[in-house]
Amino acid sequence: TRTRTRTLASRRWRVTGMRRTAAAAALAALGAALSLRRCLADPAYVDASAYEAHLRSQDLVYAWEGGVSKDFPWIFGTNAYVGNGFLGLQISVKNGDELTVEFGRADLYDHREGPFPGQDELDTVDDTLHPNSESVPVYYARPRLPLGNFTVGFGAPVQAGHLRLAYFTGELSGWVSTTRGNVTIQATVFLTDTAPGVFAFELLGDGKETYELWDVSLNDLVVESPYYHAWGCDLNSGCGYPGPSGTVVDDYVQSPPGVYRGDVSDLKNGVSIDHPLLAGGDFALALRSMPGTLDGAPAQSSGVTVVGTVAMDLVKDAPGGNAVAMAEDAVRSLQDGGAAALAALRAAHRAAWASFWKATAFVSIPDKIFEGAYYNQMYKLRAAGAGEGTMVDGSVGLIDLMGPWPQRSVWPGVWWDLNTQLTYWPAYRAGSAPLDVATAMVRVLRNAYASGQLSLNVPEAYRSDSLGLGTQTPLDCSGGAIPIKGWGGVWEPGHGTNTGNLLWACHSWYLQFLASQDYSLLEDGPDGTAGLVTILEGAANLFLNTLAEDDAGRCHIPSTFSPELYAGEDASFDLSLLRWGLRTLVDLTPTLAARRGLRPSVRAEAVERWQDALDCLVEPAVDPATGIMVTGDATFDAPHRHYSHLFSLHPLKLMDLANATQREIALRSVNHFAAMNANVTNGYTATGLASMSVQLGAALGEGVGGAYADAALGNITSFMLGLMYWNGMYREGGGPVMESPMSVAAATQDMLLFTDHAGTVHVLPAVPSGWSDVIVDGLRADGGVDVTAALCGGALVAVELRLDIGKDPIKLRLRLQGIPGEAVVTDDPSVPLEALDDGSLEVGLEAGQRVVLTTAEHAGADLDELVAPVAPLEGTVAGNFWGFNDVTRSVKPAPEPELFSLQVGRDMAAAAAAAAAARIRAAARRTAASRAGQDHSLQA
């Protein structure tokens, strides 16, 4: 039991006019200098829970009129979508009169054998699969696979529509109108363990529109690598696209076509498609109609309620398996249960989503476009990923670049040189539910260690003690050995050349530990499950085995590749990751020994070896003009999206920015990177710069509206309004992806709660100009401490810290926005509180303890009264910006973004914010009347 339950469900939210008036009066009494009432918006929370109502203003809203072909470009960036971390649906209106439901399963990968690049000891290729290839790039042999779709041709043009993706319930609902009548739509993928892997969608006509008039079809897709198709390969003329190791897959062989069972016109008796795989086994999609609607009414002849699932049976040796029987049994069982079974399933689903949000941090800022983008990514995190207790059908729950919403793309898998880590960053500070979703990465790495794959990923000579991870892999982390060319060797472009990928994945694992304080993540389990220390040691050994010492006693790394940049000795990317890894091993080993009651001398020899390597390891090279270099002899001299050479600053935070010299190097490096990339249009470049801005501003102790806070805002805004799709998705290079926008949420969290190089937690460190009111509740700081903070009228009013039962006692070092440590008072005199000379504060917390920190001016501030959605900026969008509606289309025509150099960040960010605000105000004026007229639709 916690000392005090601090979830949004327990907040005393204001739900009536009388209570809001009382709350305002209480807040006004806190001080004449500040009007704290500004922190309270005035939402109508009469008929819904507080968090549900808050999320309702964030929902994706799709609204259009005037005909689909004229006004509504349905693409990946406008599709409506739902998911449960396993299965996904995408819903769109295409061809002017057709509704399409696309299916996806997140762990549906091909499983053809290699050899893959770098596996020289495997000298044969399966001639049946790739007769003319000496080695097979993993994204041809083991990519994500596409599924089919279900289409409904209305036979009458779609004129208008309104769809809403409700985050709180994970359900899509709405309507479309044709020239003949109206059709209501519902769709969901059930988030529950009682019937894993089941989705449902429903279309009900109004009598003028009726099922009998519709042309319904279930469409198979060719089972082939999306990468192959994305590059325009043609089986008749050949592909000829060179693989990344110089190989050519010019005669890629597709798996056999799907086998239909049943008839889509007779959904009552079911229809399925069985897909045999060339490498063995099969997967199958099965659909059936239900005898009742999703709302519990009897089935209607004017429409149809369809349930479905996707099953896999990846036995090898021969095409075919039991997947179709598994899929058909699942939907038949649900159909037999009738309306009661469907109602129970939906109730469990809604309860599961409510539980997720109640254990997810609350964030409210006055820029509602920004706020909406944040919540969209938090929804995607759970809809695309699954935690420890929510896996289904053996799925590991890892989020790859497409999640459960596959498309033809050159990104059909997991990328370990940035994308996977970036996807999970928002989970580590967003509360216990998102943190559980992030356990998938740990699970995948542990599985790969247990199978021996992490060892197979390094050259044979190093497998006795070293581990590695390729760049692009399927869920089992296979895909080819990492080439180590050694001293004097010539680097060759190819898959797996990013030697530090596993170290970087271990950094995310460590973030999981810092947030959860779960020591089982660090240690090997009694069942042989690998802990972080074991895998981190193997990843570090790959470098330690190749270090060379010069005459001055300095240790160097041989030629490796800085992701997406270039190769050379002493690559800053690998130097930084190795330094972080060795420091972490040195720090953790004696701590874990003490917890087990062992002598500190346990593993002393290993600790000494790691410390010796740390002492002799060279620092990343620094150029007087451009800052941190890519390698020991190469500067960052051409525009490119990846900031791999800047890892010592972000995300590893190895640089001590309190040191003026280090801070100047960091600033020089970031300015150069931003200037070089002024015309580069890549999303994570902008959000990476935003997080670097936060670090620099926090080091300088900037207040509200500081230059670095505004630079962070400008960079994130450039991504959101410039490159991010209207529905929160993204397209990078050769195809659709979902992961880069996740960095918007992570960078936003940095602005609100940030831990620096020394472990000091900065509360609201980078609040930009115009954000005078900010409320956060339940953001997770390193050490497992939950933080609530209220900024009102530009002043930090109160901060609450909470430490769960079961956690180790902690001494937390804090910096509070605009409040020196000596000015802080607490509501609990028993809590140790010490103001430090540098203006920070040290607070001691025991497990189950909470404390409120404030100033004498605001003593007695009640955070229960303050934690509520803040009012939107005057004259701007009040909510529901994202999706695809009139305001979205007016404000966000998808312009090219500009990256904001920190040297002029304040002016540029302010100009960008002003321009965006002007567009928003103009759009709001143009559409106010029509939106008011659609209120009845919004309620539906």
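Buried means under 20% relative accessible area, exposed over 50%, and partly exposed in between (1.4 Å probe, protein chains only). This is a predicted model: local features need pLDDT of at least 70, side-chain atom pairs count only at pLDDT 80 or more, and totals for chains, interfaces and linings use all residues. Residues are numbered from 1 along each chain as its sequence is written, and side-chain values use heavy atoms, with hydrogens and water left out.

**View 1. Helix H19 is mostly covered.** Helices (H or I, at least four residues) and strands (E, at least two) are DSSP runs, numbered from the N terminus.

**View 2. Phenylalanine 370 and tryptophan 771 form an aromatic pair.** A search of the whole structure finds 34 aromatic pairs. Phenylalanine 370 sits in helix H7 (residues 368–384), while tryptophan 771 sits in the loop between strand S27 (761–763) and strand S28 (774–781). The two are 401 residues apart. Both phenylalanine 370 and tryptophan 771 are buried. Rings of Phe, Tyr and Trp (its six-membered ring) pair if their centres lie within 6.5 Å; planes under 30 degrees apart count as stacked, over 60 as edge-to-face and the rest as tilted.

**View 3. Phenylalanine 881 and tryptophan 882 form an edge-to-face pair.** The distance is 5.0 Å centre to centre, with 90 degrees between the planes. Phenylalanine 881 and tryptophan 882 are buried.

**View 4. Ring pairs link aromatic residues into a cluster.** Its members include Tyr51, Tyr81, Trp353, Phe362 and Trp405.
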